[in-house]
Amino acid sequence: MQFETLPGFREFYPDACARRNHIFGQWRKVARAFNFLEYDAPVLEPLELYIEKSGEEIVGQLFNFEDRGGRAVALRPEMTPSLARLVGAKANGLKRPIKWFNIGEHYRYERPQKGRLRAFYQYNVDIFGEAGPGADAELIALLVQALQAFGLGSDDFKVRLSDRDLWLHMLAAEGLDEDASATVLGIIDKLERMDRSKAIERLAPVIGDEAEAFLGRIEEVIAIRDFETLTNYMQNLASEGDIADQIRIRLGEWEQLLNSLQAAGAGEFIQIDLGIVRGLAYYTGFVFEAFEASGEGRALAGGGRYDALVKKLGGPDMPAVGFAMGDVTLADLLESKGLTPTYVQSPDFIAIIGGPEARDAAMGDAALIRRMGYTIDYPLKDQAFGKQFKEANQKGARFALIYGSEEIEQGVVKVRDFSSGVEQMLPRDGLEASIPDLMQSGLS
Ligand code: HAM
């Protein structure tokens, strides 16, 4: 009987694993360049952690079950609730701002399709303890740099920037209360994939007869692409009173954020798009998603502010902002742009072993070379010389170390540099000193 992988789960043969690790390597490098510290959390968590905190969409996709102790548990669909718990539990002892990142696998029972699997990796990057737009700017700049690190430019991807806070002010100016606003934001989140008539039907219970005209105004806001138009629109909506004051303050924060992003070199990647409101339950302010520049395909990354979550999970009141990037859509984009590097994982040395009496000497030298941090391989059983050379070539080794009976007798090993074809004898008791030079200069 042959077993297959479960739908939406991947196996990583060495080539695929090397491509995956290339992605992880760039992610880690960029996070460190911004001085974020790496953390980790359990893959299996109490189911309760995700109910309410993550929102309907994710809860409907959980891999959850009862463990042998009768606990309701779930494989993590996202990192944010675990992270908010971790930070909340130690909040007083942690130096702020807390800048942390993680690379880990996550699980969602979605219909497997292009860009969507049931097990995927996320790069989570978050800042806690800073309420001002400086933290949002730092994260969006990091997101842009993390994508640039793969060779992607502003023709390849954009970060769509929006703001749940501004939406709430706008909806308040329209006369909607908090509950009605939450319902409307839920509809806006789905608007791109919904028929107009369906949207009107879903707006009607909160908006009434005016639903169609209301939808028209929402569409107008969603079509705004520059800050000046946004400012004018908002000022026309409310020119005096509390709501107008709040809108003015918020637009000031928008200006700070946009200026910081410009200064950090990320300006050309930013696209104002109030159509992004994010489906997760905990977002409170600026929200953003990275997409391929054409706008097609699933998001490369998504995130935003979630100032209330740490407290909701039992921690102190602590502002937070972060994003997660997925490996699936990113790998697809890199592939389509020809930016997937080809990996050759070849050893530095291959030992060619002349016979049983030479094996011990070769293995002793190999142990030394491995301790020095170089890669050396040798056949695990005795083989003809010709076959060994052929394999050394196939494996792409840089040098052969040839152990024949004569060499063993004389206490030397013959080195062949495969790129120049030059050979030279090296005393075996001086290998520790000669190998670094050999690696540096080769034989010519
Ligand atoms: P999210 O938008 O649900 O946000 O996921 C972020 C990214 O993870 C997506 O843009 C996508 O690249 C990837 N992703 C999500 N689901 C799948 C899937 N089924 N298959 C492949 N890739 C997927 C969050 O998870 C938030 N917790 C992000 C965050 C961090 N917010 C604040 N901090």
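This report walks through the ligand site, a pocket and a cavity of a predicted model.

## How to read the model

Residue numbers start from 1 along each chain as its sequence is written, and side-chain values rest on heavy atoms, with hydrogens and water left out. In this predicted model, local features need pLDDT of at least 70 and side-chain atom pairs count only at pLDDT 80 or more, while totals for chains, interfaces and linings use all residues.

## Around the ligand

Which side chains make polar contacts (pairs of N or O atoms within 3.5 Å) with a nitrogen atom of the ligand? The side chain of E78 places an N or O atom 2.5 Å from a ligand nitrogen, and for the side chain of T80 the distance is 2.7 Å. G326 uses its backbone instead, with an N or O atom 3.3 Å from an oxygen atom of the ligand. The protein covers 96% of the 660 Å² of accessible area that the ligand has on its own (Shrake-Rupley method, 1.4 Å probe).

## The second largest pocket

A pocket is an open set of points on a 1 Å grid over the protein atoms alone, with protein on both sides within 12 Å along at least five of seven lines; lining residues have an atom within 4 Å of a point. The second largest pocket holds about 840 Å³ of space, a volume being the space filled by probe spheres set on the points. Its lining has 29 residues, and R164, A182, T183, L185 and A281 lie nearest the centre.

Helix α6 (a DSSP run of H or I, at least four residues) gives the most to this lining, with nine residues. By class, the pocket lining has 12 nonpolar, six polar and 11 charged residues.

## The largest cavity

A cavity is a set of grid points where a 1.4 Å probe fits but cannot get out. The model has one cavity of 30 Å³ or more, and the largest cavity holds about 70 Å³ of space. Among the residues that line it are W167, F214 and Y233.

Helices α5, α8 (211–222) and α9 (227–237) each give two or more residues to the cavity lining, with the largest share, four residues, coming from α8. The cavity lining divides into eight nonpolar, no polar and two charged residues.

Definitions and conventions: Nonpolar A, V, L, I, M, F, W, Y, C, P; charged D, E, K, R; others polar. Polar contact = N/O pair within 3.5 Å; in protein donor to acceptor, adjacent residues only side chain to side chain.
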